[in-house]
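Please have a look at the sequence and the structure first.

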Amino acid sequence: MSDANPFESLQEQVDDAGAYLDIDDDVLERLKHPERVLEVTLSVERDDGSLEQFEGFRSQFNGDRGPYKGGIRYHPNVSRDEVKALSGWMTYKCAVVDIPLGGAKGGIVVDPDELSAAELERLTRAYAAELRPLVGPDRDIPAPDVNTGQREMNWFKDTYETLERTTAPGVITGKAISSGGSEGRVEATGRSTMFAAREAFDYLDRDLTEATVAVQGYGNAGSVAARLIEELGATVVAVSDSSGGVYDPDGLDAHAVKSHKNETGTVTGYADTEELTNEELLTLDVDLLVPAALENAIDADLAEAVEADVIVETANGPLTPAADDVLTGRDVLVVPDVLANAGGVTVSYFEWVQNRQRFAWSEARVNDELESVITGAFDELVDAYKSNDLPNFRTAAYVVGIQRVADAYAEGGNWP
Ligand code: NAD
């Protein structure tokens with residue numbers, strides 16, 4: 001785990017790709033900063049009647065290609081720079097998969113485990129009320145991220161609609177189906193990870209059904225990725241969460257481990273497995289490593305010890321730029337977050353489209369459309385990688401994404 005500043009990592013990634021692009025330095029500089037960041041202090045009543053303050057942020061990074069889009073994170077380590085970085089990654093992610101949205105991110109500095117459901121509802125509604133002037137179906141559309149889900153999205157939508165005296169399900173995505181959510185949204189990030197892993201093994205001419213897999217982070221995204229990759233025939237041998245990991249060289253049952261975590265709160269203690277630390281999991285001798293927890297999981301030192309041949313990034317920013325350099329030098333294929341986890345925002349986009357049409361798609365349609373977006377983007381990334389002789393897939397993704405944002409900016413012109 002590294003303490004690299006994620007916003008500096010983002011800026012370094014943009015610079016790395018900028019070296020291969022014909023974009024003026026001053027325009028590239030603009031693409032390294034958010035357009036605006038809102039910082040709020042939320043005063044929330046605790047159940048005992050006392051008042052407590054919580055710091056929150058919303059960073060709108062870039063709106064050249066469409067309304068700002070990005071999740072809301074509840075975590076004690078949320079910071080202004082983390083939210084800014086995540087909003088930049090959202091911008092380039094939407095551009096890489098070519099959906100007509102910009103990039104944003106929000107967060108509240110809070111440990112949700114320390115709040116009751118009623119307190120979390122008041123916190124979410126206070127945050128939604130503060131964000132109201134900035135958000136809307138044509139302005140900025142939040143979504144879930146770490147420690148938020150359908151429940152928080154439903155509260156956010158209800159607060160916005162109540163204050164605006166309207167119905168506007170497209171103000172936020174990741175809602176429950178009965179509140180205007182989309183089929184396939186909960187599984188979308190894990191599903192795009194699975195598609196990315198499948199395409200990467202295909203690209204390397206390797207058989208995914210023969211592969212062993214380790215997954216760090218067994219939340220919404222990681223557990224679904226593990227289950228869907230297992231369904232393709234691969235063997236998931238290790239998974240972990242913030243309490244530690246479990247390992248079985250003969251293979252775990254991804255679904256059963258998730259049931260165990262739902263019952264006990266953690267993957268540890270799952271029957272007939274060896275316990276292992278997160279660091280041990282990240283350096284296991286497996287074919288595919290899926291980091292699906294938080295940013296900075298792998299720094300340069302750990303990257304030297306990584307034994308996997310392929311890394312598919314489900315988390316945002318799990319490798320530091322220094323780790324990326326090490327892995328590029330060691331010929332480890334890294335499928336970057338901006339492609340591999342783009343299923344979440346892609347199906348969020350489908351949810352928004354359905355909300356605007358007031359028409360619901362079937363799960364099969366959602367999954368088919370998602371597959372074509374992710375596989376199409378993967379092919380474009382490989383084309384960019386080969387035709388520009390780029391050092392790695394991440395640079396290729398940024399070359400594609402930054403060019404699209406810069407084109408939209410150039411076409412619109414500067415204002416004022
Ligand atoms: P989540 O809260 O459902 O799960 C996070 C998991 O990571 C939990 O199991 C937690 O215990 C574990 N974890 C936390 N710290 C850890 C550590 N130090 N070591 C090992 N495990 C640790 O969150 P999620 O929605 O699954 O998101 C996970 C990652 O995927 C984040 O980086 C998020 O930004 C990214 N992501 C999520 C989505 C989405 O749609 N949910 C979309 C794109 C990207």
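The sections below cover the model, the aromatic pairs and the charges over rings.

## The model

This is a predicted model, in which local features need pLDDT of at least 70, side-chain atom pairs count only at pLDDT 80 or more, and totals for chains, interfaces and linings use all residues. Residues are numbered from 1 along each chain as its sequence is written, and side-chain values use heavy atoms, leaving out hydrogens and water.

## Aromatic pairs

There are eight aromatic pairs in the structure. Rings of Phe, Tyr and Trp (its six-membered ring) pair if their centres lie within 6.5 Å; planes under 30 degrees apart count as stacked, over 60 as edge-to-face and the rest as tilted. The ring centres of Tyr349 and Trp352 are 6.1 Å apart and the planes are at 35°, so this pair is tilted.

Tyr349 and Trp352 are three residues apart in helix H13 (residues 343-357), which means about one helical turn separates them. Helices are DSSP runs (H or I, at least four residues), numbered from the N terminus. Tyr349 is buried, at 19% relative accessible area, and Trp352 is buried at 10%. Buried means under 20% relative accessible area, exposed over 50%, and partly exposed in between (1.4 Å probe, protein chains only).

## A cluster of rings

Tyr385 and Phe393 form an edge-to-face pair, with 5.0 Å between centres and 80° between planes. Tyr385 is partly exposed at 22% relative accessibility, whereas Phe393 is buried at 1%. Ring pairs join Tyr385 and Phe393 with Tyr203 and Phe378 in a cluster.

## Charges over rings

A charge sits over a ring if NZ of Lys or CZ of Arg is within 6 Å of the ring centre and within 35 degrees of the ring normal. The charged end of Arg365 sits over the ring of Trp361, 4.0 Å from its centre. Lys84 lies over the face of Phe7, 4.4 Å from the ring centre.

Methods: Helices (H or I, at least four residues) and strands (E, at least two) are DSSP runs, numbered from the N terminus.
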